[in-house]
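Please keep the sequence and the coordinates open while reading.

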Amino acid sequence: MIWYEHLFLGKKCRKNFGRLKHKITNRQAHSGVYLIVLPENEHALLEIIPSMLLVQEYYPAKDLRIVGAAATRREAFSLVEKILGNVYKSRGNVNEIASYLEQYR
């Protein structure tokens, strides 16, 4: 699991982020947190996954590149919208998301 240094965090996640990160990294179940990750599929821009999925064997084994976290699904979609807006303003193309986020790794 790779946590980007400059994460996009929802309001509730900001408050307890250290504890949340520790629990998620150590595969402890934590409901109510949605992670925004760079997808393995090169045709997708971002993925939103519930952190509860990480207790399954498939998810921790793969190299997730976590760029954000939110307390609700709605907040996660808002963060994705914010990230894509930042990418578009900076690069003029939302497909440049990986290179944009690489600067914050």
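Which residues does Ser51 touch, not counting residues up to four places away in sequence? Ser51 touches Ile24, His30, Val33 and Leu35, where contact means heavy atoms within 4.5 Å. The model is a predicted one, in which local features need pLDDT of at least 70 and side-chain atom pairs count only at pLDDT 80 or more, while totals for chains, interfaces and linings use all residues. Residues are numbered from 1 along each chain as its sequence is written, and side-chain values use heavy atoms, with hydrogens and water left out.

Ser51 is in the loop between β3 (47–50) and α3 (58–61). Helices (H or I, at least four residues) and strands (E, at least two) are DSSP runs, numbered from the N terminus. With a relative accessible area of 3%, Ser51 is buried; the cut-offs are under 20% relative accessible area for buried, over 50% for exposed and in between for partly exposed, using a 1.4 Å probe and protein chains only.

One of the contacts of Ser51 is His30, which lies in the loop between α2 and β2. His30 is buried as well, with a relative accessible area of 13%. Leaving out residues up to four places away in sequence, His30 touches Arg19, Leu20, Lys23, Ser51 and Met52. His30 and Val55 are 25 residues apart in sequence, and their C-alpha atoms are 9.2 Å apart.

The strands come next. Four of them form an open sheet in the order β1-β4-β2-β3, with mixed pairing; two strands pair if DSSP finds at least two bridges between them. β1 and β3 stand at the edges with a single partner strand each, so one side of each has no neighbour in the sheet. From one strand to the next the twist averages 30°. Axes are lines fitted to C-alpha atoms, for helices over the stretch in contact, and angles run from 0 to 180 degrees between N-to-C directions. β2 and β4 pair in the antiparallel sense over five bridges, and Leu38 stands opposite Arg65 in β4.

Ala70 also lies in strand β4 and, at 0% relative accessibility, counts as buried. Apart from neighbours within four places in sequence, Ala70 is in contact with Gly10, Cys13, Gly32, Val33, Tyr34, Glu75, Ala76 and Leu79.

α2 lies across β1 and β2 and runs at about 140° to β1. In α2, Phe17, Leu20 and Ile24 are buried. These cover an arc of only 60° around the axis, which puts them on the same side of α2; the arc is that of the directions from the helix axis to the C-beta atoms. The buried residues of α2 pack against β1, α1 (11–15) and β2. Just after α2, Arg27 takes a positive phi of about 60°.

α4 lies across β1, β2, β3 and β4, at about 30° to β2. Its 19 residues should span 27 Å at 1.5 Å a residue, and the end C-alpha atoms are 27 Å apart, which agrees; the expected span is 1.5 Å times one less than the number of residues. The buried residues of α4 are Ala76, Leu79, Val80, Ile83, Leu84 and Val87. They fall within an arc of 135° seen down the axis of α4, so they line one face of the helix. What covers them includes β1, β2, β3, β4 and α5. On the other side of α4, Arg74, Glu81, Tyr88 and Lys89 are exposed. Phe77, also found in α4, is partly exposed, with a relative accessible area of 44%.

In soluble globular proteins, nonpolar side chains tend to be buried together. Here the largest nonpolar core has 32 residues, of which Leu35, Leu46, Val67, Ile83 and Leu101 touch the most other members. A nonpolar core is a set of buried Ala, Val, Leu, Ile, Met, Phe, Trp, Tyr and Cys residues joined through side-chain atoms within 4.5 Å. β1 (2–9), α2 (17–25), β2 (34–38), β4 (65–70), α4 and α5 (97–102) each give two or more residues to this core. The largest share, six residues, comes from α4. Among the contacts of Val67 are Tyr4, Ile36, Leu46, Ile83 and Leu101, with residues up to four places away in sequence not counted.
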